[in-house]
Amino acid sequence: MSHKARQAKGKARVNAYEKLLSQEYDKYRDDLEIIIPNGPRLGDVVIEARGVSKAYGDRVLFENLDFMLPPGGIVGVIGPNGAGKTTLLRLIIKSEEPDSGTFKIGETVKLGYVDQSRDTLHADKNVWEEISGGQETLALGTRELNSRAYVASFNFLGTDQSKKVGALSGGERNRVHLARMLKEGANVILLDEPTNDLDVNTLRALEEALEEFAGCAVVVSHDRWFLDRVATHILAFEGDSQVTWFDGNFSDYEADKRKRLGLEADQPHRIKYKPLTR
């Protein structure tokens, strides 16, 4: 797909927010496996960062961060480990506070968050119990779905639904966590490394579900191919405590970075931080 075609696809998704919101599930494609139910209608303000800075110890993770997430936008968050990507998500959910600047969350926003730790999962429950809460039928937006069919859409088939959560692999725990959160009807979902250890079928189903989702997503990922297919914007932690907001997907961002930095853009380097000055 060309640069212009990718950029047009991203803009079309944001512009089509109202259409996505009004769609009924039975009008979706027959091959859509994972359903992300529509949450409340988003207002004009979704997430806005204004001059946000955050430091740990004597290291400035980022400073003067500015961005505005539009309704329907999907933001890919990229950068080296330790740059501050997970911290950004924690600031959005207000489990941490910025050192300066403000995060504004729209009044209509209902957040859903899947972190990397999966610590909230119950080891003694089986897969079906953990995802369904023991309910035979789940309300997904305006639609009701058999809970075992919903669990199966995350590639837990047959006896796999009876496995104890404590005995699952990392990828299986990831799928359980995703399934449990996505059914809650959030209109802004925060996904921290959702592609880690996912099998190909679940990964493709998640891509398609995000494309059909009438809401916003902020996705931390190292999977450039995944971000190429789903992202409408990129938030790039580039080092030296700087974060770049870019309108386009990962390939568009990389092309822009090469224009800005030349050959240095392709050189691997350790993350650097500005020292904290008091």
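Just after helix α3, Lys 94 takes a positive phi of about 65°. This residue belongs to a predicted model of a protein chain with 278 residues, of which 51% count as buried. The secondary structure of the chain comes to nine helices and 12 strands.

**The chain as a whole**

- The accessible surface of the protein chain is about 13,500 Å², and carbon and sulfur atoms account for 48% of that surface.
- Among contacts in the chain with a separation of 6 or more, 68% are between residues 24 or more positions apart.
- The structure contains two cavities of 30 Å³ or more.

**Helix α3**

- Six of the eight residues of α3 are buried, so this helix is largely enclosed by the rest of the structure.
- The buried residues of α3 are Lys 85, Thr 87, Leu 88, Leu 89, Leu 91 and Ile 92.

**The second largest cavity**

- The volume of the second largest cavity is about 30 Å³.
- Its lining consists of Phe 67, Val 75, Val 77, Leu 88, Ile 92, Val 218, Leu 235 and Trp 245.
- Strand β3 (74-78) and helix α3 (85-92) each supply at least two residues of this lining.
- By class, the lining has eight nonpolar residues, with no polar and no charged residues.

**Val 127 in helix α4**

- Val 127 lies in helix α4, which covers residues 127-132.
- The relative accessible area of Val 127 is 0%, so Val 127 counts as buried, the cut-off being under 20%.
- Leaving aside residues up to four places away in sequence, Val 127 touches Val 151, Phe 156, Asp 160, Gln 161, Lys 163, Val 165, Leu 168 and Val 176.

**Helix α7**

- Helix α7 has 13 residues (residues 200-212), which at 1.5 Å a residue should span 18 Å; the end C-alpha atoms are 19 Å apart, which agrees with that expectation. The expected span is 1.5 Å times one less than the number of residues.
- The buried residues of α7 are Thr 202, Leu 203, Ala 205, Leu 206, Glu 207, Ala 209, Leu 210 and Glu 212.
- In general, an α-helix has 3.6 residues a turn, so residues three or four places apart point the same way.

Note on methods: Residues numbered from 1 in each chain as written. Predicted model: local features only at pLDDT ≥ 70, side-chain atom pairs only at ≥ 80, totals over all residues. Heavy atoms only, no water. Helix = DSSP H or I, 4+ residues; strand = E, 2+ residues; numbered from the N terminus. Buried < 20%, exposed > 50% of the residue type's maximum accessible area, 1.4 Å probe, protein only. Contact = heavy atoms within 4.5 Å. Areas by Shrake-Rupley, 256 points an atom, 1.4 Å probe, with all protein chains shown as cover. 1 Å grid on protein atoms, 1.4 Å probe; cavity = no way out; pocket = protein on both sides within 12 Å on 5 of 7 lines; lining within 4 Å. Points joined across faces, edges and corners; volume = space filled by probe spheres on them. Nonpolar A, V, L, I, M, F, W, Y, C, P; charged D, E, K, R; others polar.
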